[in-house]
Amino acid sequence: MVVAMSMRDHLSDLEKESIYVLRETARQFKKPVLLFSGGKDSLLLMHLSVKAFRPGKGGGRFPYPILHIDTGHNFPEALEFRDRLMADLGENLIVRKVEDSIRAGRAVDETGPFPSRNRQQSVTLMDAMAEFGFDAAIGGARRDEEKSRAKERFFSLRNSAGAWDPKNQRPELWRILNGRMRSGAGEQMRVFPLNNWTENDVWHGLSRMKVEVPSLYFAHTRRCVRRPDGNWLAMSPYVFPTPDCVIEERMVRFRTVGDMTCTAPVFSSAKTIEECLVENAQLPTSERGTRVDDQTSDAAMEDRKKEGYF
Amino acid sequence: MDQLRIMVCGSVDDGKSTLVGRFFHELGQIKSDQVQTIEKASQKNATGREKSGVVNLAYFTDGLRSEVENGITIDVAYRYLDMAGRRLVVADAPGHFEFTRNMVTACSQVDAVVLLLEGHSGLKEQTRRHLKIAQWMKIPRILAVVNKMDLCGFSQEIFLKRKQEIESEAGMAEITVIPACALEGHGILSFAGSPLSWFRGPSLLDWLKQVPGSSVFGHEDASLRLSIQGRVLGAGSDEAGTLAVIHSGRLQREDCLQTPEVSGLVQVLEIQIGDQVTNHALPGDPVFLKLDREVAAGTLLTLPEKGPLSARRWKVEICPLLENLDLSGKEFWLRTLLAEKKVRVLPRATSTPGGFAQNEIQEAVLEFAEDFATDTRDFSGQGDLGRFVLLSLETGGTIAAGFFLGV
């Protein structure tokens with residue numbers, strides 16, 4: 001067997017690639033913004049931004065603010081974590097609430113026993129982009145997560161309504177990233193520096209950087225509800241279980257962290273990143289298999305991306 | 001873990017997505033919720049050979065609404081797999097002529113190519129085009145898979161005929177050719193016990209284990225190419241620094257570098273990666289530099305006497321990626337890793353309207369407003385700076401890919 005010229009560590013290459021994309025974003029756009037949800041992927045983006053723009057000893061600042069689209073359905077642990085991280089980093093955090101979009105009549109709450117504000121986030125995001133004049137939004141989506149995200153570019157063009165046109169994406173050649181947009185047309189760019197990271201890579205990356213991650217990702221006891229369709233959710237003030245639901249205290253962790261209303265727990269006893277990775281390899285489902293928001297139709301993510309979703 | 005990035009390409013309906021789906025399935029890499037999605041799509045859209053309740057594994061990568069509805073691949077999908085000691089990135093490219101731009105996109109991101117053709121029908125126009133593009137983009141390893149061998153009775157004779165055809169099409173380049181039947185899984189992991197067991201060569205999996213991987217970034221032993229990406233924002237002026245990335249070669253502290261634009265040398269006083277001060281840096285390293293003078297973003301730095309060529313007129317090869325492009329005599333943005341400049345495509349006499357055919361590789365001459373310094377495609381550092389794209393002045397969209405050949 002021919003041995004590769006240099007056995008490269010693929011994790012270092014992923015880091016270099018992502019930092020390259022972050023720096024190109026800062027170079028090519030007038031007013032980029034980093035979207036932060038409190039989940040592991042946007043957490044990784046924050047720490048890669050430190051490596052890209054802050055040479056240590058207190059020097060340097062991110063060339064973009066952080067934007068959190070707050071659905072009001074967050075895990076309290078995620079909000080606490082967000083505030084502690086922001087205090088540590090001293091970067092500029094902007095919060096815009098779906099609640100305000102609903103009050104202003106820009107969005108409407110879902111009804112029923114398990115209402116979600118997942119879809120409504122796109123309205124608040126687009127309004128925030130317009131309010132601040134952001135021309136590029138950096139997100140933590142990965143190709144490995146989901147079948148429409150598997151087709152994303154690094155620089156992914158959106159029209160003035162924030163819509164993705166998956167049938168007509170721009171060619172993206174080599175590492176030449178094209179941030180040009182039609183002037184005056186209200187187009188914007190979505191930037192995905194983590195495109196090539198897998199779920200395992202994200203954990204190995206965070207673990208290697210020795211950074212704190214939200215406690216939600218590790219096994220803990222929690223009151224959970226089993227919906228009639230078989231999906232489990234965390235009990236919260238935002239769900240209204242019908243009598244045919246089962247409510248139980250279970251030992252769980254979360255593989256992805258979205259809203260309390262659409263993120264299903266995994267039954268688990270894994271207390272460390274290493275234990276989570278071992279357990280994930282044995283789970284029958286994929287990472288996004290725990291997201292109820294992906295199951296509303298065959299192309300739920302693609303449809304939301306056409307509405308301006310992350 | 002090292003990394004191998006491959007693209008699966010070839011003409012429409014030669015079985016690319018089915019091969020990718022089958023490969024992941026055989027290795028037990030498709031999770032139960034993904035299987036459910038594939039089954040649903042298969043039931044809804046049973047066509048051709050996949051009829052009669054058989055699960056169509058092509059839906060593992062064909063995930064867009066219009067792809068599922070039409071049973072085709074429109075844009076490249078990326079899938080990831082860990083083999084022993086190796087990360088495999090698989091790009092499943094579309095076969096249609098009109099989506100060649102997405103195949104070119106995929107091709108620009110890989111180290112090796114798996115090219116499919118059908119045993120019974122052989123090479124088609126798009127098979128030839130994909131092979132030509134992969135060779136043009138200097139993909140060093142190509143595996144040709146003669147697929148659908150079930151439709152020609154698993155005949156060794158037909159396989160050898162196809163092998164000869166593809167080898168002569170590939171010319172001098174080294175190409176490995178194997179038979180397979182992706183639908184039934186023969187030749188994917190092995191040939192043992194299959195109707196193709198007469199074949200004495202690597203299976204798809206064997207080949208993927210042997211092929212050398214490579215890096216997204218350039219070679220360490222080539223000449224130094226470093227570009228400035230901007231400045232560190234911050235309060236205290238003694239913290240100010242320069243953001244830069246190394247495309248090829250090795251940067252040392254105290255190196256004196258030249259730029260094509262400015263006379264005199266720029267000295268590297270300090271190199272930092274993350275929060276670590278270091279004496280040298282390698283390709284891809286995102287560095288913070290302290291230089292003895294301010295250098296603008298987009299500037300190329302090299303060692304003296306080892307810089308690139310510089311000229312106003314450049315001979316290039318381009319591949320226009322959209323239909324009905326009027327290139328001749330027109331102006332565009334030309335974008336390289338470094339910078340973006342306005343160029344004019346000099347007119348030339350051809351029979352094609354606009355002078356240039358879509359998805360064909362053609363020579364052209366580009367004229368810049370002033371001297372432009374860059375490498376040619378034969379630069380040993382992997383030719384990173386020898387590559388460019390053309391952008392529409394009106395929409396900003398990427399309309400062509402190209403290489404600098406010389407001045």
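Residues are classed as buried under 20% relative accessible area, as exposed over 50%, and as partly exposed in between (1.4 Å probe, protein chains only). The structure is a predicted model, in which local features need pLDDT of at least 70 and side-chain atom pairs count only at pLDDT 80 or more, while totals for chains, interfaces and linings use all residues. Side-chain values rest on heavy atoms, without hydrogens and water, residues are numbered from 1 along each chain as its sequence is written, and chains are lettered from A and ligands numbered from 1 in the order in which they are written.

Over all chains, 50 salt bridges are found, a salt bridge being a side-chain nitrogen of Lys or Arg within 4 Å of a carboxyl oxygen of Asp or Glu. In chain B, Arg313(B) and Glu367(B) form such a pair, with the closest N and O atoms 3.0 Å apart. Arg313(B) belongs to strand E16 (residues 309-320) and Glu367(B) to strand E19 (residues 362-374) of chain B, 54 residues apart; strands (E, at least two residues) and helices (H or I, at least four) are DSSP runs numbered from the N terminus. Glu367(B) is buried at 15% relative accessibility, whereas Arg313(B) is partly exposed at 47%.

A salt bridge also joins Arg87(B) to Asp82(B), at 2.5 Å between the closest N and O atoms. Arg87(B) is buried, with 1% relative accessibility, and Asp82(B) is partly exposed, with 36%.

In chain A, the side chains of Asp9(A) and Arg208(A) form a salt bridge (2.9 Å, N to O). Asp9(A) precedes helix H1 (10-28) and Arg208(A) lies in helix H6 (residues 199-209), so the pair ties together parts 199 residues apart in sequence.
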